[in-house]
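Below is a short briefing on the salt bridges of one structure, intended for a reader who wishes to check each pair against the coordinates.

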Amino acid sequence: MSKVINVHEAKTHLSSLLERVRAGEEIILAKNGQPCARLVPLEKPKKRKLGAMKGLGKVDKAFFEPLPEEELRGWE
């Protein structure tokens with residue numbers, strides 16, 4: 001369950017609130033008793049597998065040839 005904290009209290013205890021959020025707790029910030037924001041822990045980034053696209057970065061000699069005039073006019 002989320003705990004509702006007023007902004008004044010949150011400003012006073014921000015460091016301890018952040019530690020609670022890092023531990024997985026969700027905190028609702030309220031202004032004048034009205035909820036207005038939510039502090040939630042960030043998702044941990046997924047590890048990327050190196051070499052997943054191995055072999056897809058190869059180009060042949062045609063890649064370096066000039067574009068046809070028709071194609072070049074389309075870019076002007």
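**Salt bridges in the predicted model**

E26 and R38 form a salt bridge in which the closest N and O atoms are 3.6 Å apart, a salt bridge being a side-chain nitrogen of Lys or Arg within 4 Å of a carboxyl oxygen of Asp or Glu. Because E26 lies in the loop between α2 and β2 (27-31) while R38 belongs to strand β3 (residues 34-39), the pair ties together parts that are 12 residues apart in sequence. This is a predicted model, in which local features need pLDDT of at least 70 and side-chain atom pairs count only at pLDDT 80 or more, whereas totals for chains, interfaces and linings use all residues. Residues are numbered from 1 along each chain as its sequence is written, and side-chain values use heavy atoms, with hydrogens and water left out.

**Count and pairs**

- By the salt-bridge rule, the count comes to three.
- R22 pairs with E19, their closest N and O atoms lying 3.7 Å apart; the two are three residues apart in helix α2 (residues 14-22), and are thus separated by about one helical turn.
- E25 forms a salt bridge with R20, with 2.7 Å between the closest N and O atoms.

Helices (H or I, at least four residues) and strands (E, at least two) are DSSP runs, numbered from the N terminus.

**Accessibility of the partners**

- Buried means under 20% relative accessible area, exposed over 50%, and partly exposed in between (1.4 Å probe, protein chains only).
- R22 is exposed, with a relative accessible area of 68%, while E19 is partly exposed at 48%.
- E25 is partly exposed at 26%, and R20 is partly exposed at 28%.
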